Amino acid sequence: MNEPTAQPTTTVRPGDKRYPALSRGFNQRWIARPDYVRLVRSPEEVRTALAGALKEGSATDRRRVTVRSGGHCYEDFVCGEDVRVILDVSPMHGISFDPEMNAYCVEAGATNWHVYSHLYPLSGRALPGGSCYSVGLGGHITGGGFGLLSRQHGLTVDYLYAVEVAVVRGDHSVELVVARRDDSDPELRELLWAHTGGGGGNFGVVTRFWFRGLPEPPRQVLLVGLAWDWADFSQADFRQLVTAYGEYFRDHQDPETAPGKLFAMLKLNHVSNGQIGLLAQVDVDDPEGPEAMRDFIDAVDGRISPVSKAMTVPMGEHPPVVHMDIPRVMPWLTATQALNGSGENRCGKYKSAYLREPFTRRQIDAMWAYLGKEKYKDYKNKQALIQVDSYGAAINRPARDTAVRQRDSILKLQYQVYWTAQDANEPEHISWIRDIYKATFAATGGVPTIGGQTDGCYICYPDADLNDPRWNGSDQRWPTLYYKDAYSRLRAVKKRWDPNNVFRHRQSIEPPVA
């Protein structure tokens with residue numbers, strides 16, 4: 001077999017065997033038809049590739065230039081019908097310590113798994129990021145980035161010191177700009193701030209992140225995975241479970257305590273799944289950790305009639321965590337590997353919500369109904385669920401101002417539904433998630449509005465339905481639901497750093513109206 005004599009081309013066009021895989025992402029619902037995908041290997045290659053793409057004309061209605069890191073965008077913002085060029089930064093996944101910055105440098109194509117498997121073994125430190133290993137940091141960090149360590153250590157953006165971005169000037173020239181938190185130029189400080197929760201692909205192409213003061217994960221954690229059979233639940237049991245879960249995290253918001261460090265995911269699956277699931281992790285370097293886990297399990301499991309047991313079925317993006325119904329002490333990295341799921345290659349639809357207080361009785365009864373107990377009884381989809389993540393604690397005590405505005409919530413919800421490509425029941429899957437979400441938040445126009453018990457939505461779980469008055473009956477548009485009072489400031493950053501609105505999609509930061 002002949003060895004190649006030159007470095008392979010990084011421009012992938014239709015007809016190339018790589019093209020079908022590189023013109024789509026994690027969500028198989030969205031497949032682009034770009035003129036080409038350009039894989040970039042350095043910041044200078046990003047600058048050159050972006051400049052070249054902007055000089056090219058388009059003979060079709062495909063005009064957008066988009067950026068992909070890990071490919072996990074849930075909507076068609078990266079892989080859409082109107083995309084002409086995809087710049088793929090995934091080859092840029094280096095991690096190192098930068099002595100000039102006195103900070104850890106992470107390239108924008110790195111994934112959650114890169115920082116866990118590379119940064120942690122070398123430094124003993126980690127980003128408090130997500131549990132899905134293949135999520136790219138280019139989008140994860142810029143949207144705020146949270147995970148199992150966040151109640152103990154905050155969000156990824158709470159440690160962001162600097163960012164390098166390829167920006168497009170008013171004359172369409174492209175420049176690499178480094179923006180630091182303590183920069184003397186206020187416009188550069190604003191550019192950095194906009195990347196602490198303003199969403200990915202809004203202001204330019206991120207090439208590198210620098211972090212200071214990164215936390216050290218626990219040496220060991222206690223991990224548990226429980227499940228209950230749906231068939232054993234009465235409506236009263238369901239109310240008790242969901243209420244107790246919310247009240248526990250309402251009452252334990254101090255990150256200096258073991259209960260305040262505890263992180264959990266409640267998996268409220270559709271009844272056709274057969275089970276409701278619970279994953280929980282606590283720091284056991286803290287000597288109070290085991291007691292905190294016992295108290296938590298007693299709070300949610302000890303007052304209902306269904307008997308907890310081991311998980312036996314996949315739930316959303318997580319496989320069944322078998323043999324974990326008895327809590328196990330594990331090294332932090334080993335536990336992270338055990339939970340690191342990405343899900344199968346399939347289509348999906350997602351929605352989100354922040355809760356500042358536990359669920360109301362009306363919300364719980366709506367979820368009970370639409371999870372198949374009263375509505376959608378004949379609906380059969382084991383991968384339709386509401387995932388309820390614990391939230392708050394250290395997240396709600398940020399050391400500095402960021403673009404993430406939801407800083408007093410106790411729970412974060414992710415509505416999920418999955419199906420395979422060409423599934424004839426796709427309309428029913430989408431109808432289910434729309435209907436259960438609308439019913440849950442019926443009191444506020446079908447969406448979790450800002451103010452009161454709810455506090456909007458998470459930009460890293462984008463939902464284009466928020467643009468549509470059929471599904472958003474409130475008086476709050478999607479920018480308010482994602483960004484609250486930060487939106488006008490983000491628009492000013494957009495005007496300064498992307499004056500031509502090169503980086504745009506259905507929920508990109510809108511340029512200010514002249």
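User: What makes the approach of the Arg68 side chain to the backbone oxygen of Arg24 a polar contact?

Analyst: A polar atom of the Arg68 side chain lies 2.5 Å from the backbone oxygen of Arg24. A polar contact is a pair of N or O atoms within 3.5 Å, where within protein one must be able to donate a hydrogen and the other to accept it, and residues adjacent in sequence count only if both atoms are side-chain atoms. This is a predicted model, where local features need pLDDT of at least 70 and side-chain atom pairs count only at pLDDT 80 or more. Side-chain values use heavy atoms, leaving out hydrogens and water.

User: How do you know whether Arg68 is buried or exposed?

Analyst: Its relative accessible area is 5%, so Arg68 is buried (buried means under 20%, exposed over 50%, partly exposed in between, with a 1.4 Å probe and protein chains only). Arg68 sits in strand E3 (residues 64-68).

User: And why is His172 called partly exposed?

Analyst: Happy to compare it with the cut-offs! His172 has a relative accessible area of 42%, so it falls in between and is partly exposed. His172 is in the loop between strand E7 (160-168) and strand E8 (174-180).

User: What makes Gln422 exposed?

Analyst: Gln422 has a relative accessible area of 82%, so it is exposed. Its place is the loop between strand E16 (411-419) and helix H12 (426-440).

User: Why are H3 and H10 called roughly antiparallel?

Analyst: The axes of H3 (residues 112-123) and H10 (residues 332-339) cross at roughly 160°. Angles over 145 degrees count as roughly antiparallel, under 35 as roughly parallel, 65 to 115 as roughly perpendicular and the rest as oblique. H3 and H10 are therefore roughly antiparallel.

Conventions
Residues are numbered from 1 along each chain as its sequence is written. Axes are lines fitted to C-alpha atoms, for helices over the stretch in contact, and angles run from 0 to 180 degrees between N-to-C directions. Helices (H or I, at least four residues) and strands (E, at least two) are DSSP runs, numbered from the N terminus.
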